[in-house]
Amino acid sequence: MEAKEFKVRWVMAIDIDKCTGCGACMVACQAENNLAPVEDASFKLRVMNWLVVYELSNKQPFPDHDIAYLPRPCMQCGNPPCVSVCPVIATDKNEEGGIVSQVTPRCIGCRYCMAACPYHARYFNWFDPSWPEGMEKVLTPDVSVRPRGVVEKCTFCHHRFMQAKDKAIVEGRDPEALNDGDYVTSCAEACPNGAIVFGDVNNPDHAVYELARSQYACRLLERLHADPQVYYISRREWVRRQLDNYLENEQVKG
Amino acid sequence: MEKNYSLPADHDLFPEGVQRCSLMKFMGWLGFVGIFALWGLYAAFRVLSNGLGETAMDDYFGFGLWITFDLAVIALGAGAFFTGLLRYILNIDPLKNIINLTVIVGFICYSGAMLILVLDIGQPIRAWFGYWHANVHSMLTEVIFCITCYCIVLIIEYIPLIFEQKQLNRIPLLRHIAHNLHVMMPLFAGIGAFLSTFHQGSLGGMYGVLFARPYVYREGFFVWPWTFFLFVISAVASGPVFTVLIATIMEKFGGKKLVSWEIKSLMGKIAGAMLFVYLIFKFADTYAWINNVLPAAGLTFDQNFYSTIYGQWLLWTELGLCGVIPCIILLTPSLRNTPSLFYTAAVLDCIGITINRYVFTVQALAMPVMPFDSWETYNPNWAEWGACALILAYGAIVLSLSYRYLPVFPQERKLNATKA
């Protein structure tokens, strides 16, 4: 299995040691991407959150107990499990930057992509979307509202990428060589601790270039060869062990 | 001519020389089955009007009871293509006595599966996108093409039987069409075998290519993963005995012998032989899965099972109780020719294949791949059971009408001659 190569590769680097699990990223994502609130939010497996914060535990008794928080957007895999299975090419990885797209008007709602994704990063619209009265006035105009019966997921705020490219064109710059910070996702922007950093991993001028190459950087379920474009950074070995199903006798990197 | 009032009101429509129950009794039966159909229709109406939120599926279990049901009935309906292959291509002549039933059962299974799929996809109106925007890399595309094409083949195979209805057959055009379709049947049997093989295989391949789901992921053989072949062989290992079970249930309901024991035994022998082949590959596959796929994914065998609901008992029941035991019974002449053992083996065989489809569909999704994730459980709700009941009721109605009015069983007259 070979991952597709892109000149620009948008990557998210998340420092787990900086994340406090505050959930600001989830809220920002929800607001930015017009995620409709679900009627019964107690049924967690039907709640629409493109980005979920997981709580990790080292499962040790006090005083050695330790926890970590792991924000999980779509991994925008280089070799996405979801793309090849979609029968109607509703999801694809062709966009420059390596973002996995989701074409809502083409999705037939078969949910095969959800079955393929081990990260549970894809969500199905079980009901017609509806917002509390007045809330429709604050919807993001650049993000389409998805109907019932289709699958959706994090797009790395793709509309912001389009805006950044448009801005660069207007300013006479190369839209394929955006500066660090020209294009950031809403979760990265909202993170109070700066735990989420976003940029082009192929560009040495971007902060993620170094972060992704850190000895403490690793990716979720890396051994499955999906080649995610989200890097997690943690100096804690037990955290890194939990990211990739390390067997007991295996040496964790970093 | 004086009318015989002791005969059912619709006796003129019956096949030549057979007896059927009274029309009132038959209508009562259809009414009973119709209750389940109405329940299913109500569920279908709710799902289509309110969306899949009416079901118990969620973002973990995008595939649930319906897909399990689909995979199971399609496997069990494999008697149609496999028996057709044996009868028309390999010229195993005695199978002509059960081929009509296999075609009807196959038609019910495939058309029923398609009806379920209409409910199962979130955007039924876009179902045709599978053809228009076909992704040639997706196993599901192959499934979409093969299931629809094979369903058409089954309709073509069913038509001559309908045209052989006593009254319809008096119309020269219909008689000629039926005759000519019969002449061409080996061609359709061949096409059907080809399409259904790929369809069964693609259903297995669908799971085998999920490389990020170690519970179902398998290495490739040519362009297909192992599961492609396992699904094909398991289908032909269960389809023939499923047809026999259907015939036996019809015999119990109608109080008549419809298929001779020799034919049933032959079908059992065929299924047993295929089950033997399947089990060899399945055990080898399980061994390779435990020792190659799982360690590569950083998982151990025990991590793939959870509590009672997704416990190892499912695996051992599938392979042992519903695999090895029916295989031994079906392949041993003395055991196979003991009706109680034969039917037990047939039921176990069908249950085993259903468990296999269930674990591939549900357990595969329940099993957490991310180490910090947790097992989730799934319990289908009334709407999902209702839709399945609709298909079962639909099958019962089609079978009942076919049995009453069409010459389905060539042996029926002879087997019941003394009784009459």
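User: B:Trp382 sits in helix 14 of chain B. Why is B:Trp382 called partly exposed?

Analyst: The helix label comes from DSSP runs numbered from the N terminus (H or I, at least four residues, for helices; E, at least two, for strands). The relative accessible area of B:Trp382 is 33%.

User: Good. What should I know about the model itself?

Analyst: This is a predicted model, in which local features need pLDDT of at least 70 and side-chain atom pairs pLDDT 80 or more, while totals for chains, interfaces and linings use all residues. Residues are numbered from 1 along each chain as written, chains are lettered from A and ligands numbered from 1 in the order written, and side-chain values use heavy atoms, without hydrogens and water. Chain B has a mean pLDDT of 93, on a confidence scale from 0 to 100 for each residue.

User: What makes A:Arg111 and B:Asp120 a salt bridge?

Analyst: Their closest N and O atoms are 2.9 Å apart. The rule asks for a side-chain nitrogen of Lys or Arg within 4 Å of a carboxyl oxygen of Asp or Glu, so the pair qualifies. Across the interface of chain B and chain A, the rule finds one salt bridge.

User: How much area do chain B and chain A bury between them?

Analyst: About 4400 Å², 60% of it on carbon and sulfur atoms. Buried area is the accessible area (1.4 Å probe) that two parts lose on being put together, summed over both. On the chain B side, B:Asp59, B:Phe211 and B:Phe372 lose the most area to chain A, together 19% of what that side buries.

User: Back within chain B, which side chain meets B:Asp10 in a salt bridge?

Analyst: That of B:Arg404, at 2.9 Å from N to O. The pair links distant parts of the chain: B:Asp10 lies in the segment before helix 1 and B:Arg404 in helix 14, 394 residues apart.

User: Are these two buried or exposed?

Analyst: B:Asp10 has 9% relative accessibility, so it counts as buried. B:Arg404, at 1%, therefore counts as buried too.

User: And in chain A, why is A:Asp17 called partly exposed?

Analyst: Its relative accessibility is 29%, so A:Asp17 falls in the partly exposed class. The side chain of A:Asp17 meets A:Arg235 in a salt bridge (3.2 Å, N to O). The two residues are 218 residues apart, in two loops of chain A.

Methods
Buried < 20%, exposed > 50% of the residue type's maximum accessible area, 1.4 Å probe, protein only. pLDDT = per-residue confidence, 0-100.
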